[in-house]
Every structure is written in C-alpha cells, then in structure tokens.
There are 2 protein chains.
Amino acid sequence: MANAEASAANVDEAKPDVKTLQILRDMANRLRIHSIRATCASSSSGHPTSCSHAAEIMSVLFFHVMRYKQKDPENPDNDRFVFSKRLSFVDVAAGRLGQGLGAACGMAYTGKYFDKASYRVFCLVGDGESSGGSVWEALAFASHYSLDNLVAIFDVNRLAHSTALPLEHSIDVYQKRCEAFGWNTLVVDGRDVEALCQVFWQAAQMKNKPTAVVAKTFKGQGVPSVEDEENWHGKPMPKERADAIIKLIASRIETNKSLKPKAPVEDSPQVNISDIEMTSPPDYEARDMIATQKACGLALAKLGHANDRVIVLDGDTKNSTFSDTFKREHPERFIECFTAEQNMVSVALGCVTHGRTVAFACTFAAFWIRAFDQIRMGAISQTNINLIGSHCGVSIGEDGPSQMALEDLAMFRAIPNCKIFYPSDAISTEHAVFLAANTKGMCYIRTSRPETAIIYTPQESFEIGQAKVIRQSVNDKITVVGAGITLHEALAAADDLSKQ
Amino acid sequence: MANAEASAANVDEAKPDVKTLQILRDMANRLRIHSIRATCASSSSGHPTSCSHAAEIMSVLFFHVMRYKQKDPENPDNDRFVFSKRLSFVDVAAGRLGQGLGAACGMAYTGKYFDKASYRVFCLVGDGESSGGSVWEALAFASHYSLDNLVAIFDVNRLAHSTALPLEHSIDVYQKRCEAFGWNTLVVDGRDVEALCQVFWQAAQMKNKPTAVVAKTFKGQGVPSVEDEENWHGKPMPKERADAIIKLIASRIETNKSLKPKAPVEDSPQVNISDIEMTSPPDYEARDMIATQKACGLALAKLGHANDRVIVLDGDTKNSTFSDTFKREHPERFIECFTAEQNMVSVALGCVTHGRTVAFACTFAAFWIRAFDQIRMGAISQTNINLIGSHCGVSIGEDGPSQMALEDLAMFRAIPNCKIFYPSDAISTEHAVFLAANTKGMCYIRTSRPETAIIYTPQESFEIGQAKVIRQSVNDKITVVGAGITLHEALAAADDLSKQ
C-alpha cells in the first residue's frame, strides 16, 4: 500500500497533470516579466536575456522539483540551489564564472557523507562558463565521489559575452563530454516544462552517479525579437520596447495560480561548530625541534577530536603538508581533491555553507595562487573556510623557485577580512589552528618546512592581531619584527649582537 | 617517383627496422640511468621515477619523430617540445602542473596560422596534472582551432604525489574524454617503442584535428623493484640501491649506437619584432574625452599596422576591452580564447616563444587573478607577453564588486620584473602600448572605463619608471601622487585648493 502510494507520487512527479504544467509555464513567463522589469530599473547593466532563457528551468525546479521551506532559506534540510552562471541565489556568491559547480560539489559531498541527509543540490551552469577549466575539475570530482544527490543543469544557449561559443548548440558534444566525465547525462529542450519535469524525476532515481541535464535554450528565450540574437548580453532593454514585450509575454499567461514548493525531509543532524576548545595544552617541550607544517598536521588531528564537524581537504599533497596525520585519525572526514586547487577551494566553500562543517583545505603555499579568484569570491561571500599553505618561502631550498611561495602573502593580504597566521613554532601553530577554527571569516595559516626550535611555553595565550615581544632590554635602540621562520633568524641576530 | 620515395620514407617512419628499434630501446635505458644518476647527485628532492616511465616516449620522440637541429635549439624551424609534467625542456618553465599544454597550443597556433610553417609541437602531459582544469581549457582550444600540428602525449602512470589517481589505469576513460574534446585519440603501450613509432606516424597523417596519444606507463617503469610502487614520487634513490639498479638496466642495453635527429624543414618566415615605432603622434585633441580602455583598443590597432607580428588575444570580452578594434583591422591576428583566462595566458606564452610574435592578451582587470599561477610562471620563464586589464577599480560602478579589480595591482606588483602601466589619458595609453611592445619581459597595462580628459600633449615623451609633474607652484607644501583615474581626482582637488 505504502509502495503503491509512493509509486503513484513518483509518476505524478515525472508527469504532472495538464493544469500543473500550465501553471509552471505561466510562472516561467512571470519570471521573464520580472527580470525585464528589474533590469530596466537599473540604468546600464543587467541580464534580462540570460534570465529569460532559464525561466522554464527555474520554474520547474523551484515549484515542482525542489523541497524547501520558502520562509526559512537557512534550514539545513532544504535542497540547495547554486546559480553558477551569475549571482548566487542562495549560499555562495558566484559572479565570477565557473565557480558554482565546485561549491555545489561541496554541498553534495557534505549532504551525502557528513550529514547523510536527504537534501539534494541543484546547480545551473552556463555554456559560456564551461570554457573555464574549473567546471571540468568539478565534474571529475563529483563522479569520482559518486555524488548522486547532485544535479547540474547545463544551460546551452549558444551565445556568450562577445561572441557565439565554440560548440554553439552542439548538444551532442556537451552530452559526450559529461558522459566521459562519468555523469548520468540527460538531454532536454529547455523550453519544455513537461520534458524538464521528466528529466529531473529521472535524475532523482539515479544511484551512484551525479546527473547532468543538458538543456538546449535560447538567449532571450520567450522574449519576442530578442531571442537568440547576439549583442544583447548584459544589457537592459530600452523602456519603450520593454512595455510592449511585457504585454506580449503577459498575454501568454493563462492562470493566476501558484504552486507551493514541497516540504524538505527533516533528517539532517544537529550540528554545533562554535567554541571548539583545546582539550589539553600543546604537548611540546622546550628542547623539541619541529617543522611548523608537521605541527600543523598534528594540530588538525587534535582539532578533529575536539569537534566531529571538523573536516580536512588536500590537493594531493597530504604526505607533504602533513594533513595525512588528520586522515589517519579521521579518515571519514578527509577529502582528497587531487591537483585541482580551484575546485578544492570551491568544494570547501560548499562544505561550510549553512554552518555544516569547519573546513581546512591544505596544499603547498605556492599552489594557492592557482585559486586566487575562488578565494576572493569566497571572501566576498563571507565564507568561513580556513586555508593552510605549507612549504612557504625560500627555506624550502632544493625544491626550486616554482615551488617557493612568496607572493601568497601579497595575495592573502589583498583578500578582504582574511586573517593571516604565520606561526614561528609548534606551539603557536597549534594555537593558530584552534583560533582559525573559532574565527568567523576566512583564515590562512602559512607553515614552514625546516625544523625549528620551540619559542613559547605551552601556557602562552594567543590572540588574533596581537604581537609578542620575544627579547627586550633597557638598552634597546631598534625594533626587529619577525614572523614565521624569519623570527628564528632575528633571534640568532639578537644573540650575536648581545655578545658584542 | 617522388611520391614513391615519400611513401617509402613514410613506411620507414611508421615501422622502423629491427636495428633502429633496438637502438631506441637502448637509448631509453640510457636515459633511465642518467635520470637515476642525476637525481642521486641532488640530496633530497628529484624525480627519477617520473623520468623513468617516460623514457621510451622521449627516446622515440627525440631520436625518431622530431625534426630539429641539435646544436641550434633556438632555430625557429625546429619542432617544439613542451614537458608539461615538470621542468620545461625547451621554451617555457612549467614546474607548476597543467600549464604546458596551453603553451603548446600557442606554439601550434603560431606555427599553423602566423608562421604557416612545417614545424610541429609535442607536449608530454601527466595524468596527475590532468586533474587541473587548465588542461581541459587547452584541449578545448586546440580542437576548436584545428591544431593538427599539435600532439599531446598523456603519460598515464596511475600514481601522483600522495596517492593513486581517480582514474588509475582506466585508459578507456582518458580516451573518451580526449575524443569528446574533439581530439584524434590513439592508445598505446608506453613501453613499446615500435607501437610508439606507429602512433606518432599516424598523428602526422591527421588533418584538422590535434592528436592525443594516451600512453599506458608505469611509474619507475623499467626500474626493478620501484616500478608501479606508491610513495616514490619526488625522491631520489638511496645510493647503494642506485648502483645495483643501474647495473641491471645497463645489462639490457645491446648496442652503443645513437641516432641522429631528423633535420627540420626550413620554411618559417623571417621575423623582426624589435624597435616598433609609432607611425604618427597620438591623434587626440585637448578637449577630447575618452576612456583609457577605448584608447587602448585604438592603440593596439595602430600598433598592428606598425608591425605585422603583433597579435591580440581576448577572453570573450573584446566588445568591452575594445580589443575588437584590433580585430576589425587585423582579423587574421586576433585569437578568441573564450572565458578561459589560464589558458589564454599559456597560449600567449607559447605564441611569443622563439620571438615569433608580440602578444597582447586582454580581459577585465579583475579576471587576471584567475591566471596568477600562469602569469607567475611566465615571469619565471622571462616571457615577453603583455597583458591588458580593462574596467579596473571601483569606477566601474554598477557592474558590482565581483567585477571590480583592486587586487590586480597586489598581484602584478608581486610578479618578478613585471612592468606595470596605469595610464591617465588616451595619449599616455597609446605610449604605454608602444612601450610595452618594445620592452623585454612581462608588461601589464591597466585601463579604466569612465571617459576622462586629455592631460598630455601629443608631443609628450614617456619612459618606463619616470613620473610626470602635472601641477606645481613655488608655494607647494605637499606632494600628491596619482595614477590612472585617481590622477583626475587629484587634479580636481588641486583646482579646488588653488581657489582657496
């Protein structure tokens, strides 16, 4: 009986009745009108054509497929939606192209493996942004981790900012590429609400593979005399044309009914990620010699015991960054992201949305510059991710200039509100990890390869923005400021000078 | 008769005789021994295992397939080789992964469309670096532009820095992905020199498509007790083991003969890219109001008339950066790179190698941060590319924070030896473009969207590193330093103050 009901509901979801279909069509046209009105209100920049071709997709997703509480967008049980093409709808600012799908991967990974909950993740990806490699990093990630709770909708509208795209409307090529990247791939006419309902239903049935919906659309779709024309990208319509066009679109609307979104399944666990306390003081002795990057790996493992929502990501450098120490003690909370740093940042951004996890992503400090754009957009979204860069500076020696991070400081200093930690010994490194875990906003911890002496006592307390005076005397004439490994050089110089 | 000879030569190239094959095998083993010896000589870092599995590929390429003058590596007629996996062999420093194939694309584009010459381009790509999206940007670029003079060898050895890769030895998946990205794709056993000769011959016959050779290899291939084992990445062998292993490899060598590489076809045109002169002074009048980004587009078009090796690349922003002005006047020298900024920088790096072109790559200033790593590695290679970033700063207003470039200055200031131009009017913009064209090393020109007044006279001369005093009086008490659009604000303030 229960099964029969479920299957009836399933059929209804796959093939909605004629009335529902008409309401979905009407809502798409209403969205179209809203997008023309809203962009006309702005004076010189806006995307009415881009909004128009996704109108049917949005209508079907938000009023037929997705399960969420309309009045509680932060509810952890809600399905997630990421508007990768332009502005974020819900959780992360995309704006810059090619970043949304990676964030959606992080949300889906969290839903499937950490929350083990029913919520699903939908991401609208533009064909233009598919030129960017970060999209393909995300595609490879999602299939490798069998993210069957993830649906990417490729909005293939043929036209980009200044030109037609290389693949134009070659839907079959998009299909082949997505299939080759391991996705369950469904092709659909993006104007056909009935077909859209059908493919989203099919996506929900798929096990162990993410689903790509390749939707053929037309820029300015459903907007008379703008549809599929070049040179409309990012431009509002002239007011006089807008009124006539709105009237025409309105004439196609048959009902004034709306649909209520489905309620979410409320099965995500309660999570507490605030006030994570050090279970014991740092366990180092004055005579120890230890690299801060090694101490950082040990601190991450310790942090993982203090809170079970702490997760660590690494880009195929875990045996060098020492994040493998965390992996050994908490294997189920470690995500291997391979050498795809852009995607690693986006995945981390997705993992921390709705406060579901405390994420630390690790790689060589020199490799973070690969993800500058994702890091910057994360900061604009006020993300709470933490990044760790090992092997900083010239002290790595024999690995050569391509691996020496020097410009990482220039980069992170230009990131709004980013807190930068450059600890000098194992004790301050452990404190940096716990401070970062408890600090809202982005944090960056920079660690070194050489073994260095312990400077602080285990009882020393640390605060963000506070400098420590390590040596002083009444005869001092100059102040030397050091951080990280340079502090050890400054101390050696101070010792030399005090002998003179 | 000539045809019969050519076809005999062709058959010989596809199927070398038994003796040649043995020499190629022997040379692979000699390479293997060299790589073990060289990395043993370094104390703690080196890649003997990575070198070993590519030994047969390198032997066949350098002693059977490629045409070049051994004693003249800079000869423009030589075939090009890019070692994307690690250190550059010839033209660009790769070091950071995923960048070589884009550079190879630039070389192949230049060979096919600018030089219209016979030289071909070979690029060895690692399976590990294929996790990076920039590789897929390059794959899409090469097939879109039908670069049939380009061969990418995917060295699928299964193991990366810290782990086995997601696809392990799934050669069929690599094949499907390359095919879906529009490449002629050939699968080969990377240990079999005869099969390698065969596929490289097939690649040379292919018209209108680049060729991907997917080679199954084993990390540490041919090195007893190291082959296909994890945890050897980047580590030299202990000395005592190395000697025994070298002895074993040496015992497989049957000949002491070498092969002479084939001579190149000498058909690339003479090129002169030095001392490009402004054909006439800037044509602006004191009362003109013009955005520096518009003036920049006009200057590029003018520069294109002054030298026929000037090329322009753009990432689907040409109607905003005004690089479409150049495209209209020199369509055959404009490369549309779509929104794949990482690849655009790599392509530009490839285009300028061997001094074949003077390249200017354009996009919004905010978008350059996406290519920080490629820009940095370009500077380490002492590349001669020029980058232009339009829409800089907050003066773009309504486009929003994601499009406002502020951190581009922090980034380019951290690039070794990069010259940064931030011109304040149309006249200095035109000079900046000509100065950049004539300056060795990387140059960055930052332009603004608002229309601004003309500050300088057409006769004004400009030098790199020289500041101009725009207003002064004997009563001056403070110095205000401005650049770009901020200079106009400083001048307005000076006018206000002088009235008080």
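## Salt bridges and the A–B interface in a predicted model

A search of the whole structure finds 38 salt bridges over all chains. The structure is a predicted model, and the values below are computed from its atoms. Side chains of opposite charge can pair when their charged atoms come close.

| Salt bridge | N to O distance |
|---|---|
| Lys468(A) and Glu460(A) | 2.6 Å |
| Asp408(B) and Arg446(B) | 2.7 Å |
| Asp495(B) and Arg471(B) | 2.5 Å |
| Arg376(B) and Glu407(A) | 2.8 Å |

**Pairs within one chain**

In chain A, the side chains of Lys468(A) and Glu460(A) meet in a salt bridge. Lys468(A) has a relative accessible area of 23% and is therefore partly exposed. Glu460(A), with a relative accessible area of 26%, is partly exposed as well.

In chain B, Asp408(B) forms a salt bridge with Arg446(B), with the closest N and O atoms 2.7 Å apart. Asp408(B) belongs to helix α15 (residues 407-413) of chain B and Arg446(B) to strand β12 (residues 443-446) of chain B, so this pair ties together parts that are 38 residues apart in sequence. Asp408(B) and Arg446(B) are both buried.

A further pair in chain B joins Asp495(B) to Arg471(B), whose closest N and O atoms are 2.5 Å apart. Because Asp495(B) lies in helix α17 (residues 485-499) of chain B and Arg471(B) in the loop between β13 (452-453) and α17 of chain B, the pair ties together parts that are 24 residues apart in sequence. Asp495(B) counts as partly exposed at 31% relative accessibility, and Arg471(B) is partly exposed with a relative accessible area of 45%. Elsewhere, in chain A, salt bridges that share partners join Asp115(A), Arg309(A) and Arg356(A) into one network.

**The interface of chain A and chain B**

The size of an interface is often given as the accessible area lost when the parts come together. Between chain A and chain B, the buried area is about 4,900 Å², and carbon and sulfur atoms give 51% of this area. Chain A brings 64 residues to the contact and chain B brings 63 residues.

Charged pairing across this interface amounts to 4 salt bridges. One of them links Arg376(B) to Glu407(A), with 2.8 Å between the closest N and O atoms. On the side of chain A that touches chain B, at least two residues each come from α6 (133-144), α7 (171-180), α11 (318-321), α13 (341-352), α14 (372-380) and α15 (407-413) of chain A. The residues of that side comprise 24 nonpolar, 23 polar and 17 charged.

**An annotated region and a buried histidine**

Over residues 290-454, chain A is 39% helix and 18% strand. The end C-alpha atoms of this stretch are 8 Å apart.

His488(A) is located in helix α17 (residues 485-499) of chain A. With a relative accessible area of 17%, His488(A) falls under the 20% limit and therefore counts as buried. Apart from residues up to four places away in sequence, His488(A) touches Ser424(A), Thr452(A), Ala453(A) and Ile455(A).

Terms used. Residues are numbered from 1 along each chain as its sequence is written. Chains are lettered from A and ligands numbered from 1 in the order in which they are written. This is a predicted model: local features need pLDDT of at least 70, side-chain atom pairs count only at pLDDT 80 or more; totals for chains, interfaces and linings use all residues. Side-chain values use heavy atoms; hydrogens and water are left out. Contact means heavy atoms within 4.5 Å. Buried area is the accessible area (1.4 Å probe) that two parts lose on being put together, summed over both. Helices (H or I, at least four residues) and strands (E, at least two) are DSSP runs, numbered from the N terminus. Ala, Val, Leu, Ile, Met, Phe, Trp, Tyr, Cys and Pro count as nonpolar, Asp, Glu, Lys and Arg as charged, and the others, Gly among them, as polar. Buried means under 20% relative accessible area, exposed over 50%, partly exposed in between (1.4 Å probe, protein chains only).
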